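Subject: The two-chain model, with notes

Hello,

Here is the structure I promised to pass on to you. My notes follow below it, so please have a look and read them side by side.

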Amino acid sequence: MPEWLIFLARATAVFLLTLFLVRIMGKRQTSQMTFFDLITAIVIGVLAASFTLNLAGNMTGTFIALLVWTALPLAIYFLSIKFKSVRDVVQGKETILINHGRVLEDKLMEARMTPEDLLSQLRRKNIYKVADVEFAVLEPSGEVSTMLTKAQQPLTPKAMGLQVGQESVPQTVILDGVIMDEALTAMGLNRHWMHEELEKIGVAPENVFIAQVDSVGQVYVDLFDDVVNVPKPKTKELLHAILRKCQADCELYALATKNEKAKQMYTETSKTMTQVVAELEPLLKR
Amino acid sequence: MTVSSQVKQTLASLKGSRATLETFATVEENEEAKETLIRNRKRLDQVIDKFEQRLSELEFEEPEYKGF
């Protein structure tokens, strides 16, 4: 057998073997790799390379080394899933760097981090003032996670005391011009309804690139033809405006009428309408 | 515009909103949101009833504006 053929066969075999071994090691992402994972990955890489070129001059030895370096990490992963103590040793524990807004210097030292490192990590999270940080942790993967002080946290509807409507995930019903029946039936809709909705906004189904339906059945479309301007669904806003107008009308009639009974009736309906508007506002406007 | 035609207009808007609410409630999957929609649709029903009653009184008072 010519030498190049041996190389070809060995390289292919090692390639497939490594691929297989790495696959059974699981799918931890490189972004959340610990230092140990990195070492394992490098060693496996080096072993695979030396196996391919037969650098060690001993194929069986290289093969065994490769097996050991995949089997042992695998065993340790399984153990670390089962036992927390193993997990702490192998994957490392998180280190609290800032607590109650104060930087813990000894912990910083323990994590081998300079104050500059800490500041640069915080800057990456758009934090320029240490005073804004209530709590910061160095994750085993080397990333710093932060919790801002209450006053610096982003404004949420809850903090504003606003009630928001419950909204479920919008379903994607057309992709690349193809109607997704499964998504439609999940919402209790069908093709017939879809065609009707598209007709309402005046577009052909085959011109639709993406169409999504929100929880109340409003359709948002993106067309292949980007020149065409598709009207955005405004039913919700419109409904809210109309309800408010009706409420105002009731008040107006209550003021205008001279009939006592009618006045009372209009006042009552105006109250009901106020309730309706208030209750629906989270659903329709937010 | 006479009073009765104004009231009729409001009534039409109310009925339209009611219908929209009903469509929303049919499609909505979230139980809580669905309940809110149905509850408020019922409220609109009450209001519509009252308006219709008032409208018949108005038509009785001003028979020349009967109908649409």
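Leaving out residues up to four places away in sequence, B:T36 touches A:E279, A:L280 and A:L283, where contact means heavy atoms within 4.5 Å. B:T36 lies in helix α2 of chain B; helices here are DSSP runs of H or I with at least four residues, strands are runs of E with at least two, and both are numbered from the N terminus. With a relative accessible area of 13%, B:T36 is buried. The cut-offs are under 20% relative accessible area for buried, over 50% for exposed and in between for partly exposed, with a 1.4 Å probe and protein chains only.

Before going further, a word on the ground rules. This is a predicted model, so local features need pLDDT of at least 70 and side-chain atom pairs count only at pLDDT 80 or more, while totals for chains, interfaces and linings use all residues. Residues are numbered from 1 along each chain as its sequence is written, chains are lettered from A and ligands numbered from 1 in the order in which they are written, and side-chain values use heavy atoms, with hydrogens and water left out.

Back to the helix. B:N40 is also found in helix α2 of chain B, and a polar atom of its side chain lies 2.9 Å from the backbone oxygen of B:T36. What does B:N40 contact, leaving aside its neighbours within four places in sequence? The list is A:Q275, A:V276, A:E279, A:L280 and B:L21. B:N40 has 0% relative accessibility and therefore counts as buried.

The UniProt record (an unreviewed entry) places a "coiled-coil region" at residues 27–61 of chain B. Feature names from that source are shortened, positions are in the numbering used here, and annotations may be inferred rather than shown by experiment. In the model, residues 27–61 of chain B are 91% helix and 0% strand, with the end C-alpha atoms 42 Å apart.

**Where the chains meet**

In the interface, 28 residues of chain B are in contact with 33 residues of chain A. Together the two chains bury about 2,700 Å², 65% of it on carbon and sulfur atoms; buried area is the accessible area (1.4 Å probe) that two parts lose on being put together, summed over both.

There are four salt bridges between chain B and chain A, a salt bridge being a side-chain nitrogen of Lys or Arg within 4 Å of a carboxyl oxygen of Asp or Glu. B:R39 and A:E279 meet in a salt bridge through their side chains, at 2.8 Å from N to O. A:E279 is also among the contacts of B:T36 and of B:N40.

On the side of chain B that touches chain A, the elements giving two or more residues are α1 (3–27) and α2 (31–61) of chain B. The largest share, 15 residues, comes from α2(B).

**Salt bridges within the chains**

The count over all chains comes to 16 salt bridges. In chain B, B:E22 forms one with B:R41, the closest N and O atoms being 4.0 Å apart. Since B:E22 lies in helix α1 of chain B and B:R41 in helix α2 of chain B, the pair ties together parts that are 19 residues apart in sequence. B:E22 counts as partly exposed at 32% relative accessibility, and B:R41 as buried at 19%. Salt bridges with shared partners join B:R18, B:E22, B:R41 and B:D45 into one network.

In chain A, the side chains of A:K236 and A:D214 meet in a salt bridge at 3.9 Å, N to O. This pair links distant parts of the chain, 22 residues apart: A:K236 is in helix α10 (residues 235–256) of chain A, and A:D214 is in the loop between β7 (208–213) and β8 (219–223) of chain A. A:K236 counts as buried at 12% relative accessibility, and A:D214 as buried at 4%.

Best wishes

Notes: Polar contact = N/O pair within 3.5 Å; in protein donor to acceptor, adjacent residues only side chain to side chain.
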